[in-house]
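The sequence and structure are shown first.

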Amino acid sequence: MSSKNPNGVSLSDSYPANSILELTLSPNGEVVKGLVYCTDEISNSIVIKKSLEYTTLASEYRIINASSVKTKKIISAEAPKSKVDEDGKPILGNDGSDVMEVFLPLPNVSKKNIEEREKRALYLAQEGMKHINQKATPEGQQVFDRLLKACNEVKWSGESIIVLGNIKVDPPYKSENCLLLKSGGVKHEGSLDRVKRIVGA
């Protein structure tokens with residue numbers, strides 16, 4: 001639920017994102033012009049994105065307390081889409097006005113997509129934590145991580161690493177510490193040789 005200013009209008013309604021405004025600030029009458037990047041109701045702040053000239057930076061961001069705004073002038077209710085030349089540089093109007101600063105509108109944000117990305121990131125972090133063995137040495141954890149990338153079927157058993165359910169790698173995690181749990185012909189011998197190569201890498 002958004003908070004309301006004394007006029008009963010939310011900050012985001014008073015200063016809509018992607019609009020270009022000219023704000024006069026108190027106490028010294030400073031004029032700030034730029035694209036409204038976002039607002040924050042809790043801190044009563046407006047974030048303005050300003051284009052910069054004579055610098056390698058494309059823009060700067062300024063946070064303004066809404067209570068310091070004396071006057072507000074709407075230059076554009078929506079950021080204009082600028083034309084660019086063959087080098088990708090913006091083409092400005094030649095009417096002499098300083099209103100033709102170039103602003104790229106903010107992309108639409110999908111809350112659903114953000115929540116899905118957050119869930120996936122949490123899931124991957126939790127899965128990653130399952131592969132960390134607090135008892136293992138750093139070298140052992142590195143060997144485990146290498147084996148996991150190559151074989152997928154890798155798990156800890158105490159301080160030993162079990163690969164493909166049939167190969168055990170004991171500390172100190174060298175190729176000579178790899179052994180078959182049960183023999184089973186050429187296929188298992190080939191898997192053991194491959195694990196030894198990965199461990200010894």
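The model is predicted.

**Strand S1 and its partners**

Six bridges connect strand S1 (residues 20–25) to strand S5 (residues 69–76), and the two run antiparallel. Within this pairing, Leu25 has Val69 of S5 as its bridge partner. S1 also pairs with strand S2 (residues 30–40), again in the antiparallel sense and over six bridges. Strand S1 is mostly covered, as five of its six residues are buried.

S1 and S2 form a hairpin with four residues between them. The turn contains Gly29, whose phi is positive at about 75 degrees. The loop between S1 and S2 also holds Pro27, and the peptide bond that leads from Ser26 to Pro27 is cis, with omega near 10 degrees.

**Backbone geometry in the loops**

Most residues other than glycine have a negative phi, and most peptide bonds are trans.

Asn18 lies in the loop between helix H1 (11–14) and S1. Its phi is near 75 degrees, a positive value in a residue other than glycine. Asn18 has a relative accessible area of 16% and is therefore buried, the cut-off being under 20%. Asn44 is located in the loop between S2 and strand S3 (45–51). Although Asn44 is not a glycine, its phi is positive, about 55 degrees. Because its relative accessibility is 29%, Asn44 counts as partly exposed. A further asparagine, Asn152, follows helix H3 and has a positive phi near 70 degrees.

**Helix H3**

The buried residues of H3 are Gly140, Gln141, Val143, Phe144, Leu147, Leu148 and Cys151. Viewed down the axis of H3, these buried residues fall within an arc of 160 degrees, and they therefore line one face of the helix. Pro138 and Lys149 are exposed and sit on the face of H3 turned away from the buried side. An α-helix has 3.6 residues a turn, so residues three or four places apart point the same way.

**Aromatic contacts**

A pair of aromatic rings is described by the distance of the centres and the angle of the planes. Three aromatic pairs are found in a search of the whole structure. Two of them are listed below.

| Pair | Centre to centre | Angle between planes | Arrangement |
|---|---|---|---|
| Phe144 and Trp156 | 4.8 Å | 5 degrees | stacked |
| Trp156 and Tyr173 | 6.4 Å | 90 degrees | edge-to-face |

Phe144 belongs to helix H3 and Trp156 to strand S6 (residues 154–157), so their pair ties together parts that are 12 residues apart in sequence. Trp156 lies in strand S6 and Tyr173 in the loop between S8 and S9, so this pair ties together parts that are 17 residues apart in sequence. Through such ring pairs, Phe144, Trp156 and Tyr173 are linked into a cluster.

The relative accessible area of Trp156 is 17%, and Tyr173 is buried with a value of 4%.

A separate contact involves a charged side chain: Lys72 lies over the face of Tyr15, at 5.0 Å from the ring centre.

**The S6-S7-S8-S9 sheet**

Four strands form an open sheet in the order S6-S7-S8-S9, with antiparallel pairing. S6 and S9 stand at the edges with a single partner strand each, so one side of each has no neighbour in the sheet. Neighbouring strands of this sheet are turned against each other by 25 degrees on average, direction ignored.

Strand S7 (residues 160–163) pairs with S8 over three bridges in the antiparallel sense. In this pairing, Ile167 of S8 stands opposite Val163. The loop between strand S8 (167–169) and strand S9 (178–180) includes Pro172. The peptide bond from Pro171 to Pro172 is cis, and its omega is near 10 degrees.

Definitions and conventions
Residues numbered from 1 in each chain as written. Predicted model: local features only at pLDDT ≥ 70, side-chain atom pairs only at ≥ 80, totals over all residues. Heavy atoms only, no water. Buried < 20%, exposed > 50% of the residue type's maximum accessible area, 1.4 Å probe, protein only. Pairing = 2+ DSSP bridges. Arc of directions from axis to C-beta. Phe/Tyr/Trp six-rings, centres within 6.5 Å; stacked < 30°, edge-to-face > 60°. Lys NZ or Arg CZ within 6 Å of the ring centre and 35° of its normal. Axes fitted to C-alpha atoms, helices over the stretch in contact; angles between N-to-C directions.
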